[in-house]
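Thanks for coming. Let me put the structure up, and then I'll walk through a few spots.

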Amino acid sequence: MKIGNREFDLKNETYIMGILNVTPDSFSDGGKFNNLDAALHHAEVMVEEGADVVDIGGESTRPGHIVISEEEEIARVTPIIEAVKSRFDVPVSIDTYKGNVAEAALQAGADLVNDIWGFKFDRKTAEMTAKYQVACCLMHNRNEAVYDDFLEDMVKDMEECVAIARAAGVPDDKIMLDPGVGFGKTYEMNLEAINHVDILHRLGFPILLGTSRKSVIGNTLNLPADQRVEGTLATTVIGVMKGCSFVRVHDVKENKRIIQMTKAILAH
């Protein structure tokens, strides 16, 4: 898959998407990087530590988050995207489910659309992804954690997301899937989604696993968000062993090292 100016070997490698939240209220790092200098410094650190993509988000999606206007979201993310793209040779992802925000971000130079609603919230997001010929990550989500058969329903939901992408003109080689840990799922379902993430291979697309510092780790270990690195690393190892192509994380250096170690063991 080509993301920006870089080719990714998603069949054989596990890459790192580093999280850059330019929001005042994200669950883990809210307010730390919501000015240009702080955001750029954090992007630089992540790139130096081995981030393969920088994922920029302007609206928190944590439980109980404050919904902001599209204008405010655009004002937050576009200067950061432009600055990161001008200073670093790294593909940039825009974390949004809104078509107008996606359009503004793509105009600013974003290389990938990371949509927590898998194009189901706003079809314009799919249209903009196709228009700008960029990659996308479609995440599984539901308003309520109500399922007949959780894993099978998750696969069906993801098929619907893929259908929306294809209908908009997004080619298959630009699509990756995310099981949506922490979204529309109970605690038990989140653990199941991680352990059986490889069920999404059925659909024939690369998989991104995003678990970093999430509540499933906090609830398991009874730890606050800033003490969930080891729990996140355990999920990254599972992701590598299940054939995930990307992990989306806050702590780049630690995850990079654990991927390298896991890959070395699996190669023998």
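In which loop is Asn 222 found? Asn 222 sits in the loop between H7 and helix H8 (229–241). Keep in mind that this is a predicted model. Asn 222 is not a glycine, yet its phi is positive, about 55 degrees. Its relative accessible area is 69%, so Asn 222 is exposed.

Now Arg 213. Here too phi is positive, near 60 degrees, in a residue other than glycine. Arg 213 belongs to the loop between strand E9 (208–209) and helix H7 (215–221). Buried or exposed? Arg 213 is buried, because its relative accessible area is 13% and the cut-off for buried is under 20%.

The largest nonpolar core has 64 residues. Leu 20, Ile 56, Ile 81, Val 84, Phe 119 and Leu 177 have the most contacts inside it. Helix H5 (residues 150–168) supplies the largest share of this core, nine residues. There is also a second, separate core of 13 residues, including Met 17 and Met 176.

Next, Gly 118. This residue lies in the loop between strand E6 (112–115) and helix H4 (123–131). Gly 118 has a relative accessible area of 0%, so it is buried. From Gly 118 to Met 17 is 101 residues in sequence and 18 Å in space, C-alpha to C-alpha.

Last, the surface. Which residues gather in a patch of negative charge? They are Asp 148, Asp 149, Glu 188 and Glu 192. Glu 192 is part of helix H6 (residues 187–195). With 32% relative accessibility, Glu 192 counts as partly exposed.

Technical notes
Residues numbered from 1 in each chain as written. Predicted model: local features only at pLDDT ≥ 70, side-chain atom pairs only at ≥ 80, totals over all residues. Heavy atoms only, no water. Patch = residues over 30% accessible without salt bridge, like charges linked within 9 Å, V, L, I, M, F, W, Y side chains within 5 Å. Areas by Shrake-Rupley, 256 points an atom, 1.4 Å probe, with all protein chains shown as cover. Salt bridge = Lys/Arg side-chain N within 4 Å of Asp/Glu carboxyl O. Lys, Arg positive; Asp, Glu negative; His and termini not counted. Charge placed at Lys NZ, Arg CZ, Asp CG, Glu CD. Helix = DSSP H or I, 4+ residues; strand = E, 2+ residues; numbered from the N terminus. Buried < 20%, exposed > 50% of the residue type's maximum accessible area, 1.4 Å probe, protein only. Core = buried A, V, L, I, M, F, W, Y, C linked by side-chain atoms within 4.5 Å.
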